[in-house]
Amino acid sequence: MTMISSLAGTNNHGQDSSYFLGWEEYEKNPYHEIDNPDGMIQMGLAENQLCFDLLESWLANNPEPASFTKNGKSCFRDLALFQDYHGLPEFKKAFVNYMSMLRGNKVTFDPSKLVLTAGATSANETLIFCLANPGEALLLPTPYYPGFDRDLKWRTGAEIVPIKCSSYNGYKITKSNLEEAYNSAQRQGLKVKGVLVTNPSNPLGTTLTKEEITLLLTFVSTKSIHLISDEIYAGTVFTGSGFMSVMEALMDKKWANNKELIERVHIVSSLSKDLGLPGFRVGAIYSNDPLVVSAATKMSSFGLISAQTQYLLAGLLSDVKFMNYYIGQNQSRLKSRHSKLVSGLKKAGINCLDSNSGLFCWVDLKHLLNAPTFEAEIELWKEIVYNVKLNISPGSSCHSAEPGWFRVCFANMSDDTLDLAMQRIKDYIDVKFNKNSHHAKRNARRMRSLSKWVFRLSFDGDKVPEER
Ligand SMILES: Cc1ncc(COP(=O)(O)O)c(C=O)c1O
């Protein structure tokens with residue numbers, strides 16, 4: 001038997017949650033239009049496949065970045081040898097410009113405050129490693145991205161204390177739920193080092209209001225703790241002006257001279273969601289604290305972005321005209337996908353939380369639960385995974401405080417697959433509830449003829465009694 005370290009062997013990383021188990025189930029029987037039309041449809045993966053055609057045509061028109069050449073000459077050797085943990089300067093410059101574009105050019109970012117990491121996963125872990133000692137706590141609004149248990153806690157030894165948000169007020173962050181979480185951490189003997197929010201939110205698909213951001217800034221300022229804003233979904237906001245970055249809020253004259261607070265605010269960024277490139281592993285920390293930037297830069301050695309990826313994306317991101325076009329297209333395609341899902345679910349009598357961003361909806365299935373419990377939520381989840389053949393994520397995997405909510409992704413499949421997924425949900429609901437529906441009638445007819453047949457078999461002789 002191999003003995004692994006206690007840290008490696010620990011079980012509190014959340015990898016065993018239904019969120020990840022659903023992916024495993026999907027892998028066993030993945031849907032395919034032709035090869036496996038009865039297979040499972042993956043709706044538990046926050047991937048964005050809506051704009052690959054645009055990226056592919058850019059690559060076809062701009063062959064240099066992907067072929068290790070610059071002005072017609074090979075730069076293969078430079079890239080092969082490059083290993084500087086500060087990153088390629090032209091990439092960092094293009095990246096911060098892109099970050100500004102996503103925020104309506106209302107904020108400018110300084111490349112010297114940017115630390116490149118292999119995705120937001122690595123950015124989040126590195127930041128927590130820099131800010132918290134083992135046993136210290138971060139406050140996170142619930143429901144939150146299931147990967148955070150792994151990313152924030154596993155190797156750093158930090159703890160997460162939930163800020164319990166609830167559907168009755170649209171999951172708002174309030175002074176009282178912040179204070180409650182802070183006091184709960186203290187009661188557990190945990191020193192609070194910061195608050196971490198995702199804006200826009202995964203799994204809610206909503207953005208924080210200016211009031212909420214102000215509240216958060218006031219709170220962290222009063223308590224002298226950090227604020228981390230994971231803005232990985234910044235480019236998925238599909239309603240014009242719905243998103244405000246915490247860095248924009250900090251420019252308000254109320255805070256603009258508060259150096260101490262400014263240095264306690266950090267954001268996390270990535271190209272995994274808006275550009276749909278999770279496989280390229282591109283993320284970043286942006287921090288106003290030079291000590292954090294310096295420590296995180298050294299630590300980024302554990303998860304660098306390869307030089308050819310940086311080179312390729314420097315070419316893409318610095319094509320400002322293309323990127324502007326891309327951002328607009330991405331938003332409008334996400335918007336129409338989102339409304340397709342919302343209206344499709346509505347036809348099946350299912351409501352979603354109002355949302356304006358993200359690659360998913362937060363869907364209310366409370367009326368399908370056998371009881372208002374998390375056990376019933378998992379029971380329903382299993383039914384949906386195994387019988388309806390849709391992998392969606394139960395709210396409990398996101399630490400939701402109320403049973404019956406599910407996260408349903410809409411941007412990782414084709415229009416036709418989304419139509420089929422909604423047909424499956426509708427059929428399921430019809431059969432389960434709606435006796436007047438076409439399917440329920442057909443089912444009832446089947447049941448009637450079956451019982452007639454059984455009755456006939458059990459009836460001695462060929463005289464069938466009149467049906468009543
Ligand atoms: C809020 C949030 N942060 C971080 C990540 C990790 O992203 P990356 O692929 O850039 O590591 C995800 C991915 O789903 C996410 O939803």
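The structure is a predicted model, in which local features need pLDDT of at least 70 and side-chain atom pairs count only at pLDDT 80 or more, while totals for chains, interfaces and linings use all residues. Residues are numbered from 1 along each chain as its sequence is written. In an unreviewed UniProt entry, residues 41-425 carry the annotation "domain: Aminotransferase class I/classII large"; such positions are given in the numbering used here, feature names are shortened, and annotations may be inferred rather than shown by experiment.

The chain is divided into domain 1 (6-52 + 332-432) and domain 2 (64-322), with bounds that come from an automatic or database domain assignment. The C-alpha centres of domain 1 and domain 2 lie 26 Å apart. To the contact between them, domain 1 gives 34 residues and domain 2 gives 32 residues, two residues being in contact if their C-beta atoms, placed from the backbone, lie within 7 Å. On the side of domain 1 that touches domain 2, helix 14 (320-347) and strand 12 (360-364) each supply at least two residues. The residues of that side divide into 13 nonpolar, 17 polar and four charged, where Ala, Val, Leu, Ile, Met, Phe, Trp, Tyr, Cys and Pro count as nonpolar, Asp, Glu, Lys and Arg as charged, and the others, Gly among them, as polar.

The largest nonpolar core has 121 residues, and those with the most contacts inside it are Phe95, Leu127, Leu138, Leu139, Val363, Val408 and Phe410. This core draws at least three residues from each of domain 1 and domain 2. A nonpolar core is a set of buried Ala, Val, Leu, Ile, Met, Phe, Trp, Tyr and Cys residues joined through C-beta atoms within 7 Å; a residue is buried if 20 or more other C-beta atoms lie within 10 Å of its own, exposed if 12 or fewer, and partly exposed in between. Phenylalanine 410 touches Arg337, His338, Leu341, Leu359, Phe360, Cys361 and Leu418, not counting residues up to four places away in sequence.

Around the ligand there are 14 residues, of which the closest are Gly119, Ala120, Thr121, Ser270 and Ser272, a residue being near if its C-beta atom, placed from the backbone, lies within 6 Å. Helix 6 (residues 119-131) gives the most to this shell, with three residues, and the shell divides into five nonpolar, eight polar and one charged.

Key:
Helices (H or I, at least four residues) and strands (E, at least two) are DSSP runs, numbered from the N terminus.
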